[in-house]
Amino acid sequence: MMTYLYTTRAKFDKNNQGEGLTWSKYLEWSRLNHLTELVSVDTGLNEVLIDPDQEDDNYWTEMIFEEGRETGFFRTTEYVLRKTDIPKFNLLAIVIQPGSDCSLIQQDDYDFLGYDLLDHYYTTSALSNCGGFDETFLPGDLNNVGLIDDYEKAYTIQRKLRENNPLEEHADTYVIAIWRHRVIGW
């Protein structure tokens, strides 16, 4: 049985042209020129839109912690929507280390987008925010939102990242299955 968690994340696409990292600079740096949007659980590129409210008892019961770390993932959609106060965002359902092919799982009002590889700090995507691991995967291995389409390929890349980069902390990853809500946040 898989446990579904939820998060709201900032959008990152051609509309990001202001301060900081622009879309065009990101595409040039990442070599992911085929992306139409980045939908990731990387906190630097698709930031978590729920402020950590450590004074709120609900925060402590809703937030998922792993090894003492805040993951940016929460137990319910009700909580993440109540705590998100901007009009446009990605409402994501995720599964950490899924045990089966998630592309076959239908969720009401969600579309399966693919798999991300998130480091053990729950902050950085090895796929979209590490400058590339060409010995393990190439930009063309990612779909148009920066994720891996195939379940087996996601786990193969996860294994090879560790083998090929044993001293790189961002190469020690979790496979994260991602679905995006079709209506909310658009």
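Helix H1 carries two exposed residues, Lys 25 and Glu 28, on one side, while the buried residues of this helix (residues 23–30) are Trp 23, Tyr 26, Leu 27 and Ser 30. Viewed down the axis of H1, the buried residues line one face because they fall within an arc of 100°, the arc being that of the directions from the helix axis to the C-beta atoms. Here buried means under 20% relative accessible area, exposed over 50%, and partly exposed in between (1.4 Å probe, protein chains only). Helices (H or I, at least four residues) and strands (E, at least two) are DSSP runs, numbered from the N terminus. The cover over the buried residues of H1 includes strand S2 (12–13) and strand S3 (37–38), with contact defined as heavy atoms within 4.5 Å.

The model is a predicted one, in which local features need pLDDT of at least 70 and side-chain atom pairs count only at pLDDT 80 or more, whereas totals for chains, interfaces and linings use all residues. Residues are numbered from 1 along each chain as its sequence is written, and side-chain values use heavy atoms, with hydrogens and water left out.

Arg 31, which follows H1, has a phi of about 65° and lies in the loop between H1 and S3. Arg 31 counts as partly exposed because its relative accessibility is 35%. Glu 67 has a phi of about 50° and is found in the loop between strand S4 (63–66) and strand S5 (69–74). With a relative accessibility of 62%, Glu 67 counts as exposed.

Thr 7, in strand S1 (residues 5–9), is buried at 0% relative accessibility. Its side chain and that of Arg 9 are joined by a polar contact of 3.0 Å (a pair of N or O atoms within 3.5 Å; within protein, one must be able to donate a hydrogen and the other to accept it, and residues adjacent in sequence count only if both atoms are side-chain atoms). Beyond four places in sequence, the contacts of Thr 7 include Val 48, Phe 73 and Leu 91. Ser 40 lies in the loop between S3 and helix H2 (57–62) and is buried, with a relative accessible area of 1%. A polar atom of the Ser 40 side chain lies 2.9 Å from the backbone nitrogen of Asp 42. Beyond four places in sequence, Ser 40 is in contact with residues including Arg 9, Asp 116 and Ile 178.

Side chains of opposite charge can pair when their charged atoms come close. A salt bridge is a side-chain nitrogen of Lys or Arg within 4 Å of a carboxyl oxygen of Asp or Glu, and the count by this rule comes to nine. Among them are the following pairs.

| Salt bridge | N to O distance |
|---|---|
| Lys 83 and Asp 56 | 3.4 Å |
| Arg 69 and Glu 67 | 3.6 Å |
| Asp 141 and Lys 153 | 2.9 Å |

Asp 141 is partly exposed at 25% relative accessibility, and Lys 153 is partly exposed at 31%. Salt bridges that share partners join Asp 53, Asp 56 and Lys 83 into one network.
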